[in-house]
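Please look over the sequence and the model shown here, and then follow the explanation below.

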Amino acid sequence: MTRVTIPIGPQHPALKEPLSFLLTVEGEQIMESALRIGYVHRGLERIFQNRSYLQNVHVVERICGICSHIHTTAYCQAVEALLGLEIPPRALYLRTLLCELERIHSHLLWLGVLAEHIGFTTIFMYAWRDREIVLDIMEELSGGRVAHAVNVIGGVRIDLDQEHVHSILQRLDELERQVETFLGVVQHERTLQARTRGVGHLSAEQVRRYCVVGPVARASGVDVDLRRDAPYAAYASLDFQVITAEEGDVWARTMVRALESIESLHICRQLLQQLPEGPLTVRASRRVPPGEVVSRCEAPRGELVYYIRSDGSDRPARVKVRTPTLTTLITLPDQLRGVNTADVPTVLSGVDLCIACADR
Amino acid sequence: MNIDLILHVLQDAFPAETLEPQAMPINETFVALPPASIYLAAQILVERFGLRHLSTITGQDTGSEIELLYHFWDGRGLTLRTSLPREEPHIATLVNLIPGAAFYEREVSEMLHVTFDGHPDPRTLLLPDDWDGGAPLINE
Amino acid sequence: MLDLTDACHTLVRWARRKSPWALHFNTGGCNGCDIEILDLLTPRYDVERLGILKEASPRHADVLLCTGPVTRQSRDRLRRIYEQMPAPKWVVAVGSCSCSGGVFRDGYNVLGGIDQVLPVDIYVPGCPCRPEAIIEGLVRLLETIE
C-alpha cells in the first residue's frame, strides 16, 4: 500500500485552535506524524519585559482564556515571593476557590468538546449548559465570565458575604448531581467506551520520559499533583484526593477529569465553609528587589511553571512560562502511530490541548 | 528529594567546581556548573537519583552571557545553572537522556540562537517559517 | 443591556430570507473569545434557532468570525480562507485582539488586528467578548446587509 501525506489544519473542524499536522497514512492507519505549532505565538516573554509587574498581571491573564486564573496565580505568587510578602489567609482561600472553579469549568468544557468530536452532541450541549453554572458564579464574584482579574500582587480584589456563600453552595450541589450523571455516562455508555478505550495509549514509562504532567500523566498511573506534593495558596489546609487511573488511554483521561471535577467541588465546599476572616491584600511595592524565583501551580492541564528574574526596577528582567500542554504535545506522534484517521479527533481531544498556552 | 545527598554527590563528581548552592523561592535550590559538566550532572540526577522530571529549560540574556537554567523537580526544585559565551553559544543536548527536553531545547535555540549539539530535530518550534527578525530574546 | 427580544425579531425576519453560515478562525488569540463563540451554540444562547450555523468549510460559509490578533504564521492562512469563501461574504472581528491587536499589538510576531489583512465589516470589542455582544454584532451585520 502506498503512503499518502495528509495536511491537517491550521483551520479544521477537528481542531479547536490553530495548529497543523502532516499525517503520513497507509490506507486508514497513521504511520507517522509531524506537528507544527506557533500560529498563536504572540511573543509574550518579550512583551512581559516591556511592561511593569503591575501591567503584566493583565497580560498574563490573557495567555490563555480557559486557564487565565491559574496563570495570574502562578505569576502573582512568584512576584509576591520576590517581594517577601505574606498573603492573608482569606485571600489565599478566595484565590484557591477561583482555581478550583476554573478547573471545573475547564474539565466540563473539555468533556463537551470530546463528546462533540465523538459525535455525542447531547453530552456537549449538557456539559456546556451546566458549565454556565460555574461561569455565573465566577461572574458574580469577579464581574467576568472568562477573564476574572481576581488576583492582584498582594492578594485578591474580590470578596463575598454569607448569603452569597450559601447561594454558591446550593448551586455547587446541583452541579455535582450533573457531573455524577456525566460520570455515569462515561462509565457505561457503550459508544463512548468503544471510541475511547485503547485509543491514544501512553505507558507510565512514556509519561516519565517525556516529562508529561497533569491528568494525562495521572491517567497513565503516574501519581503527581502539585496541590498535594508542593501545596501553594490554601491547599495545605484542604482535604482532597488525587485521582489516578491505570489504563493510560483516552477513556482513562476522561474518567480522571470527571472524578477530578467532583473532587474540585468538594474542595470548593471546604473553602466556602471554612473561609477565614481577615484582610484581602497586603501592600506590594512597585519595584521588586533583585532576585529569582520559580513558581509552580497545578493548572487544569498540569504543572504550570513560572521563572522570574528581577533587577530592582518595576519591570521584570525575564519571565519564562512553561505551560502543561507542551508536555502532552510532544507525545502526539507516539499516540497517533497506528491509529485510524477517524480517531484523530478523539486522540487530540484526549490530551485536552491548549495551544494558546503552548505557543504563548 | 534528598537535596543534601544530591549536592554531596554532585560535589564529589565535580571536585574542581564550587557549585555555589543557593536556596531560592519557592522551595528551590540553584547550583552552578560549567556547560561541559551539565550533561554528566543531568545523568547523575536521572540515573542515580531517578530525578527524571525536567520542568523546563529557561534561557536568558543577562547582558554579559547567555545563561541556561535546567529546572528539575521532585517534590521540591533543583535548578542547574550554566553560562554560555554570547558568540556561538552551544551545549550538548539532553534529549537522549530526557526525551522531554526536546521542545524546551528547540525553544531556547530559536529565542537565543543557542545550538544544542546532537539535537535530533532542531527545527524552530514557535517562530514562523519566514522569520527574519533575529533572536527575539537577545537584548541588543 | 441588550434587549434580546427586539434583536431576535429582527434576526428571525432576516433569517427567513437568508440563514448566515459562519466559519470561525482563530488567528492567534488566547481562546477567551473562541469559547464564548462556541458558547453561542449551546443551550443558553442557542443561535441555531436564529438560523446561524457553524460551518466547517470556508466554501460553505457566508460570514468569517475572526478571533485573535493576526500573527505572522497565521496571516497567509487567513487570506487563503477568505479567498476560498464564495461571494457575498462578510468578516466580523470578534474581541479586542481582532479589532486592534489588543494587549499583544506590540508583540514581535503580531501584525495587529484582522483589518491589517482583510476588510472587516463589523468590529465587536471586548476582552473577551460576551456572547450577548457577539450576537449584537451579528445582528448589526445582518441589518447592514438588508
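This is a predicted model: local features need pLDDT of at least 70, side-chain atom pairs count only at pLDDT 80 or more; totals for chains, interfaces and linings use all residues.

The paragraphs that follow turn to the fold of one chain and then to a contact between two others.

As for overall dimensions, the C-alpha trace of chain B extends over about 50 × 30 × 30 Å along its principal axes. Of the 140 residues in chain B, 37% are buried, that is, they have 20 or more other C-beta atoms within 10 Å of their own. When contacts in chain B between residues at least 6 apart in sequence are considered, 50% of them connect residues at least 24 apart.

The explanation now moves to chain A and chain C. Here 30 residues of chain A are in contact with 31 residues of chain C. On the side of chain A that touches chain C, the elements that contribute two or more residues are helix H1 (44-49), helix H2 (53-60) and helix H5 (121-142) of chain A, and H5(A) gives the largest share, four residues. Sorted by class, this side of chain A that touches chain C consists of 16 nonpolar, seven polar and seven charged residues.

How values were computed. Residues are numbered from 1 along each chain as its sequence is written. Chains are lettered from A and ligands numbered from 1 in the order in which they are written. A residue is buried if 20 or more other C-beta atoms lie within 10 Å of its own, exposed if 12 or fewer, and partly exposed in between; C-beta atoms are placed from the backbone. Two residues are in contact if their C-beta atoms, placed from the backbone, lie within 7 Å. Ala, Val, Leu, Ile, Met, Phe, Trp, Tyr, Cys and Pro count as nonpolar, Asp, Glu, Lys and Arg as charged, and the others, Gly among them, as polar.
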